[in-house]
Amino acid sequence: MNKDEELFQKRLADLADRALSKGITLYSDFMNLNELNIFHSSTQKFSYISWKTFGGYELAERQMAAFIPDAFSLRSEVEIIENFPIACIQIAPLNQKFADVLNHRDYLGAILNLGIERSKIGDILVMDQSAYLFCCKGMSEFICKELTRIKHTVISCKAVPFSELAYTPKTELIKGTVASIRLDSLLALAFKTSRSSLVSLIETGKIFVNGKLITSNGYALKEGDIISARGYGRFRYVTALSQSKKGRTFVEIEKYI
């Protein structure tokens with residue numbers, strides 16, 4: 001763990017301590033995959049307080065952490081999630097006819113150009129003709145007022161309740177055979193490349209399983225695991241279907257596209 005990671009770990013512990021001493025729920029900023037890995041690896045350091053992570057929707061990659069003192073820990077999970085200071089903003093062109101085709105980088109770049117720190121922004125869900133942005137609730141009004149154009153496209157922004165979030169991730173079902181249910185084997189199947197070419201990706205800390213950093217090629221996956229590969233995308237290991245006479249396993253994975 002380098003100095004920046006140690007400092008981040010210390011900030012988490014300080015946040016947990018303050019939540020406990022003040023008797024109020026305190027929240028982190030949005031954490032990226034590496035920070036989430038540090039968080040989950042550090043939970044023993046603040047085992048004295050309840051916690052919950054959430055990013056605005058079930059499959060969120062960037063998430064906040066809530067440190068919850070005993071007085072609030074008996075709330076239902078729904079109540080705890082509803083209290084996260086996360087806003088959902090719908091971004092859409094004012095005139096679809098003259099709109100550019102916008103991708104994730106376009107949306108993120110325009111938002112960061114407003115001077116907003118990346119840690120205040122969660123996931124951006126890009127749809128066919130619009131996008132949903134998750135952000136710290138305190139930034140919502142500023143973004144809706146100041147974000148008026150992305151590339152050459154004039155856009156409108158409005159905060160919407162989570163209940164109006166009409167998002168179904170686009171996925172591609174992939175079936176194939178692997179030598180074993182190892183991380184490197186399923187990565188090769190998902191991203192249509194050789195296992196050997198993925199070694200450096202795994203060893204340099206760019207692969208996460210359920211938000212946890214994995215650096216072992218032979219890590220055994222379980223059904224339902226979500227694998228994120230920086231620069232490649234992510235997929236879910238669905239199930240093993242059958243085994244061939246040669247001992248290879250026929251598997252099914254769901255790749256997010």
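1. The model is a predicted one. The domain assignment of the protein divides it into domain 1 (3-83), domain 2 (86-164) and domain 3 (171-256). Taken over C-alpha atoms, the centres of domain 1 and domain 2 are 26 Å apart. The contact between these two involves 11 residues of domain 1 and 12 residues of domain 2.

2. Sheet order. An open sheet is built from five strands in the order S5-S6-S4-S8-S7, with antiparallel pairing. Strand S5 (121-126) and S7 are the edge strands; each has a single partner strand, so one side of each lacks a neighbour in the sheet.

3. The S4 and S8 pairing. Six bridges join strand S4 (residues 86-93) to strand S8 (residues 153-160), in the antiparallel sense.

4. The S7 and S8 hairpin. Strand S7 (residues 149-150) pairs with S8 over two bridges, again in the antiparallel sense. Arg149 has Val154 in S8 as its bridge partner. The hairpin has two residues between the strands, and Lys151 takes a positive phi near 55° there.

5. The S5 and S6 hairpin. At the other end of the strand order, S5 and S6 pair in the antiparallel sense over four bridges. Four residues lie between them in the hairpin. The bridge partner of Ile121 in S6 is Cys135.

6. Cover on the sheet. What lies across S4, S5, strand S6 (131-136) and S7? Helix H5 (residues 104-112) does, running at about 145° to S5. Although S5 is an edge strand with a single partner, S5 is mostly covered, with five of its six residues buried.

7. Aromatic pairs. How many aromatic pairs does a search of the whole structure find? The count is 11. In one of them, the ring centres of Phe191 and Phe235 are 5.8 Å apart and the planes stand at 75°; an angle over 60 degrees counts as edge-to-face, so this pair is edge-to-face. Phe191 belongs to helix H7 (residues 183-191) and Phe235 to strand S13 (residues 233-243), so the pair ties together parts that are 44 residues apart in sequence.

8. Ring cluster and a charge over a ring. Tyr27, Phe54, Tyr57, Phe84, Phe134 and Phe162 are linked by ring pairs into a cluster. Elsewhere, the charged end of Arg234 sits over the ring of Tyr256, at 5.3 Å from the ring centre.

Terms used:
Residues are numbered from 1 along each chain as its sequence is written. This is a predicted model: local features need pLDDT of at least 70, side-chain atom pairs count only at pLDDT 80 or more; totals for chains, interfaces and linings use all residues. Side-chain values use heavy atoms; hydrogens and water are left out. Two strands pair if DSSP finds at least two bridges between them. Contact means heavy atoms within 4.5 Å. Axes are lines fitted to C-alpha atoms, for helices over the stretch in contact, and angles run from 0 to 180 degrees between N-to-C directions. Buried means under 20% relative accessible area, exposed over 50%, partly exposed in between (1.4 Å probe, protein chains only). Rings of Phe, Tyr and Trp (its six-membered ring) pair if their centres lie within 6.5 Å; planes under 30 degrees apart count as stacked, over 60 as edge-to-face and the rest as tilted. A charge sits over a ring if NZ of Lys or CZ of Arg is within 6 Å of the ring centre and within 35 degrees of the ring normal. Domain bounds come from an automatic or database domain assignment.
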